[in-house]
Amino acid sequence: MAASDQVVVAGKQLETLSINTIRTLAIDAVQQANSGHPGAPMGLAPAAYCLWQEFLRYDPADPTWMNRDRFVLSNGHASMLLYALLYLAEVRQVDEKGNVSKDLAVPLDQIKHFRQLESCTPGHPESHLTSGVEVTTGPLGQGVGNSLGMAIAGKWQAASFNRPGFEIFDFNVYVFCSDGDLMEGIGGEAASLAGHLKLSNLCWIYDHNSVTLDGPADWSFSEDVATRFIGYGWNVTRVADANDLEMIARALETFQKTGDRPTLIILDSHIGYGSPHKQDTNAAHGEPLGEEEVKLVKKFYGWPEEAKFLVPDGVRENFRDGIGRRGRELRAKWAKLFADYSHQYPELAERLHHMQRHELPAGWDKNLPTFPADAKGVATRDSSGKVLNALAQNIPWLIGGSADLATSNKTTLKFEGAGDFQAGSYAGRNLHFGVREHVMGASVNGMAVSNVRAFGATFFNFSDYMRPSMRLAALMEIPSVFVFTHDSIGLGEDGPTHQPIEQLASLRAMPNMMVLRPGDANEVVEAWKVIAELRHSPATLVLTRQAIPTLDRTRYAAASGVAKGAYVLADAPGGKPELILMGTGSELSLCVDAYEKLKAEGIRARVVSMPCWEIFERQDAAYKQSVLPSDVTARVSVEMAATFGWERYVGVKGRSIGMHRFGASAPIKDLLKYFGFTLDKVLADAHAVLGK
Ligand SMILES: Cc1ncc(C[n+]2csc(CCOP(=O)(O)OP(=O)(O)O)c2C)c(N)n1
Ligand SMILES: [Mg+2]
């Protein structure tokens with residue numbers, strides 16, 4: 001045997017050793033936790049190894065590098081695969097301020113604490129907990145959905161920031177996904193839109209292992225995935241053996257050479273591949289292998305049977321020599337390029353710096369409109385459209401769109417140069433999601449984690465179609481913006497299929513979701529200001545279709561009170577009310593009208609505007625007490641939605657005027673009367689709670 005052959009053999013052995021290290025770390029962690037999925041990491045370890053070692057342009061020493069390739073584990077149940085990779089590649093931890101530390105993001109000790117309280121290795125990857133985890137995954141389909149937004153962000157940043165000789169952005173988005181990801185509707189939405197947009201920077205690697213949790217995948221999944229994706233306009237390639245590193249590498253090269261379409265790599269694998277039970281589809285699936293099976297598998301891998309969490313000599317060095325060195329060199333080269341770029345284009349470089357730090361540019365709130373008092377008023381969707389257009393001119397990286405309702409949502413960016421994001425015009429700032437609410441939500445999240453400020457819009461009732469993504473935005477602590485119009489029965493004739501009832505209450509129940517329902521045009525301005533400054537929370541902005549009065553702010557308190565979530569809008573003499581009226585959105589002016597009437601009757605009423613409960617709850621006790629004094633128990637809330645939750649504020653002696661059934665199809669005038677959103681009703685309840 002020639003000397004060079006020996007080196008090759010040693011290289012192959014080291015590869016196998018490294019791959020089996022990933023596998024056995026997953027097996028041991030799942031076994032120790034006595035829960036989790038070892039099968040998918042075992043099957044996907046070779047593809048992961050090949051991708052990370054040879055292709056991923058990623059420097060473990062700086063997981064915040066803005067042009068890094070993204071790796072998304074959409075089949076989040078395979079979390080141990082990702083943790084093993086982060087550990088072996090020695091990805092560094094990033095602190096809350098965005099600074100990279102010397103510590104490992106996932107030390108071995110944390111792998112030993114897989115799925116334990118306060119570990120950074122939870123059951124499914126959580127991006128706000130673990131550096132190097134790009135997005136939180138677990139609910140199947142979300143990761144592939146996020147990847148669409150990340151790829152959009154990549155194309156948008158390339159088109160907006162690259163200059164001749166300066167390819168500052170050319171990152172790729174690699175995704176591992178499973179049968180479940182492709183069965184979920186959102187997976188189809190994402191693939192359809194990615195194909196339409198010709199996102200050539202997007203590569204999904206599909207773990208085609210023919211099995212899901214209940215049994216063989218073909219119990220419920222027998223379509224021809226390849227043909228489906230070809231129909232979407234994707235480049236589809238197949239690797240017949242998930243252990244074949246050469247063919248995996250070839251497929252990834254094909255992706256890199258494909259400049260006009262996204263790529264799907266179908267990886268034929270067996271769950272628990274490489275284990276002695278590879279024919280038995282239920283072995284090594286969604287549960288620990290069991291001590292005996294662990295030993296058998298280790299024996300099969302040529303592993304010491306008793307060893308746990310073993311990382312053989314040479315494996316970490318192998319990763320250092322692979323992704324470590326390659327990543328370091330790539331980033332160093334980029335850093336030099338970026339230094340020259342910063343010199344030549346200081347303004348663009350500064351923008352990128354702000355984006356990276358999630359900061360707003362100087363003057364971000366200039367030229368925002370103010371609205372004069374007007375009894376007829378303006379729909380909050382209209383005032384919002386004006387504010388959004390002003391904000392977007394001040395914040396050049398604020399982009400977004402609607403799920404085919406931009407004209408109704410008033411979310412079109414109309415200023416010169418705003419443009420449309422389409423294949424071939426990737427610098428456009430108006431996104432067209434089509435009728436795909438769910439993936440709109442997920443891709444807004446994907447953009448938000450890629451340093452772009454993004455919004456998505458539809459009718460409020462259809463928030464139900466994107467709620468899983470909204471929930472993940474809240475969990476990930478990212479500032480996605482969700483704009484909803486047609487916020488109540490006030491939308492009128494479209495009827496109960498389109499009239500939200502319980503959506504406000506349900507989104508208010510979601511931790512960390514800022515639900516804002518501004519009560520007039522000037523509250524809309526303030527709400528957008530609050531939203532712009534959010535860094536760790538998503539926002540749900542809830543707007544009317546119908547015109548509502550613009551309140552006279554010389555007579556009532558300034559709308560800047562929105563920043564505190566709730567504020568006293570109109571007060572009793574000396575700030576000593578006997579009655580509190582509270583409302584949000586279109587019902588605020590009804591409270592004000594009632595207040596004026598009651599005042600004329602000599603009743604000392606106060607009106608509290610409550611556009612955002614979540615923010616109000618974050619105020620100190622003294623402020624809350626000053627707005628809602630506990631000794632004033634005569635309280636009435638008015639909101640055209642389910643009253644669920646209002647009891648917290650109206651108390652046992654108060655009353656809530658709201659919706660207790662689905663709405664109806666009729667002109668708004670008739671609906672308001674029918675459902676009791678009238679001055680008479682508010683006055684009657686006010687008198688009732690006062691006992692007068
Ligand atoms: C939206 C959603 N529904 C259900 C689950 C529970 N779940 C976890 S894995 C899985 C299916 C596993 O099959 P597959 O997607 O093929 O992954 P594999 O087991 O082959 O790795 C299911 C239903 C989930 N995580 N997300
Ligand atoms: Mg499967």
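This is a predicted model: local features need pLDDT of at least 70, side-chain atom pairs count only at pLDDT 80 or more; totals for chains, interfaces and linings use all residues.
## Strand β9 and its partners

Five bridges link β9 to β11 (residues 453-459), and the two run parallel. Strand β10 (residues 430-432) is also parallel to β9, joined by three bridges, and there S402 has H432 as its bridge partner. Strands here are DSSP E runs of at least two residues, helices H or I runs of at least four, numbered from the N terminus; two strands pair if DSSP finds at least two bridges between them.

## A strand covered on both sides

Five of the five residues of β9 (residues 398-402) are buried, so the strand is largely enclosed by the rest of the structure. Buried means under 20% relative accessible area with a 1.4 Å probe, protein chains only. In a regular strand, side chains alternate between the two faces of the sheet. L398, G400 and S402 are buried on one side of β9, I399 and G401 on the other.

## The largest pocket

Of its 46 lining residues, T64, V94, D95, G98 and H358 are the closest to the centre. β2 (92-94), α11 (315-344) and α12 (346-357) each supply at least two lining residues. The lining divides into 21 nonpolar, 14 polar and eleven charged residues, with Gly counted as polar and Asp, Glu, Lys and Arg as charged.

A pocket is an open set of points on a 1 Å grid where a 1.4 Å probe fits, with protein on both sides within 12 Å along at least five of seven lines; lining residues have an atom within 4 Å of a point.

## Notes

Residues are numbered from 1 along each chain, and chains are lettered from A. Local features need pLDDT of at least 70, while totals for linings use all residues.

Notes:
Side-chain values use heavy atoms; hydrogens and water are left out. Buried means under 20% relative accessible area, exposed over 50%, partly exposed in between (1.4 Å probe, protein chains only).
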